[in-house]
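Visitor: I would like to learn how to read the features of a model like this one. Could you take me through it step by step?

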Amino acid sequence: MSKEPLVITAAICGAEVTREMSPVVPYTASELAEEARRCFKEGARVIHLHVRRPDGTPTQDGDVFREAMDAIRKQAPEAVIQVSTGGAVGMSVEERTQPLDLDPEFCTLSTGTVNFGDDVFVNTFPMIEAIARKARERGVRMEMEIFDAGFVDNVNLLIKKGVLAAPLHFDFVLGVPGGMTGTTDRLDFLLSTIPQGSTWMVAGVGRFELPLAREAIARGGHVRVGLEDNLFISKGVLAKGSWELVREAVRYAREAGRPIATPAQARDILKIG
Ligand code: KMH
Ligand code: ZN
């Protein structure tokens, strides 16, 4: 079993979950920063960031991102901030890529189109390429967001085309209704398809979050947990915050003998900077 230090990403807010679903979903810059501080303290090293208007509406507005990033840097100065370029369904590439203008260390790149509940999360090749080109131009390290098996094949096409360059970091986002489900046979299949030398992690959605985190840790991968993907710490029991889900992932790491990455180790593993 790999004893490589574990990088935990905390997805603290997302674009879909609301205060009506869980009262602890952070919206404002200070709420996001406080949640980031708690998650970092528990062991998260990457904060996957979406931002909201004060009423909870998702936005990719640069000023709203700047305010949140400044606040997070004060509360969790060593954390890697990973901005979302996925935003919310229906947003244009121009909207989605606004946070890249702020020169973040890290961003996401969804590499295909997928049914997303009753909606469709659209990522045509021209859209994927435009986001990837902007990230590369600005020197922002990307994480490949894989919602379905063909997304890895799309990455391989984009490597051939020169849009993406190995070594890449993959995030298998499994369990979205409309995408690939969150069972370990799906994870093992995906692992057999990514280029040699890649790093990888799992973001299980809903009830898949914690079981998949445990499986990923056992396989030597990295994990994402947090309210964006799952609101519950156990069946029917809301998590007190993303930090509680991070704490659970840390418990799995301890059981598996995996140390938690320091901030420097996390940047090294993810090839940031
Ligand atoms: N909100 C989803 C439609 C990302 O952050 O890059 C897309 C998403 C992916 O969350
Ligand atoms: Zn996201």
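Visitor: How do the residues of the lining of the largest pocket divide into nonpolar, polar and charged?

Guide: They divide into 14 nonpolar, 10 polar and seven charged residues. Here Ala, Val, Leu, Ile, Met, Phe, Trp, Tyr, Cys and Pro count as nonpolar, Asp, Glu, Lys and Arg as charged, and the others, Gly among them, as polar. Before going on, two notes on conventions. This is a predicted model, in which local features need pLDDT of at least 70 and side-chain atom pairs count only at pLDDT 80 or more, while totals for chains, interfaces and linings use all residues. Residues are numbered from 1 along each chain as its sequence is written, chains are lettered from A and ligands numbered from 1 in the order in which they are written, and side-chain values use heavy atoms, with hydrogens and water left out.

Visitor: Which residues lie nearest the centre of the largest pocket?

Guide: The general idea comes first: rolling a probe the size of a water molecule over the atoms shows where empty space is left. A pocket is an open set of points on a 1 Å grid over the protein atoms alone, where a 1.4 Å probe fits, with protein on both sides within 12 Å along at least five of seven lines; lining residues have an atom within 4 Å of a point. In this case 31 residues line the largest pocket, and Glu16, Phe116, Val176, Val205 and Glu228 lie nearest its centre. The space in it is about 550 Å³, a volume being the space filled by probe spheres set on the points, which are joined across faces, edges and corners.

Visitor: Which residues coordinate the zinc ion (ligand 2)?

Guide: Donors are N, O and S atoms within 2.8 Å of the metal (3.2 Å for Na, K and Ca); water is not among the atoms, so sites may look incomplete. The zinc ion (ligand 2) is held by His48 (NE2), His50 (NE2) and Glu228 (OE), at 2.1 to 2.2 Å. Along the chain, these donors have the spacing H-x1-H-x177-E. Histidine 48 sits in strand 2 (residues 44–49) and glutamate 228 in the loop between strand 12 (222–225) and strand 13 (232–234), so the pair ties together parts 180 residues apart in sequence. Strands are DSSP runs of E, at least two residues long, numbered from the N terminus.

Visitor: Are histidine 48 and glutamate 228 buried or exposed?

Guide: Both are buried, that is, under 20% relative accessible area, where exposed means over 50% and partly exposed lies in between (1.4 Å probe, protein chains only). For contrast, look at aspartate 118 in the loop between strand 7 (114–116) and strand 8: aspartate 118 counts as exposed, at 83% relative accessibility.

Visitor: In what order do the eight strands close into a barrel?

Guide: Two strands pair if DSSP finds at least two bridges between them. The barrel order is 1-2-5-6-9-10-11-12, with parallel pairing. Strand 2 and strand 5 (residues 80–83), for instance, share four bridges, and histidine 48 stands opposite glutamine 82 in strand 5. Strand 6 is joined to strand 9 by five bridges, with threonine 108 partnered by glutamate 143.

Visitor: Which way do the residues of strand 9 point?

Guide: In a regular strand the side chains alternate between the two faces of the sheet. From strand 9, Arg141, Glu143 and Glu145 point one way, and Met142, Met144 and Ile146 the other way. Six of the six residues are buried, so strand 9 is largely enclosed by the rest of the structure.
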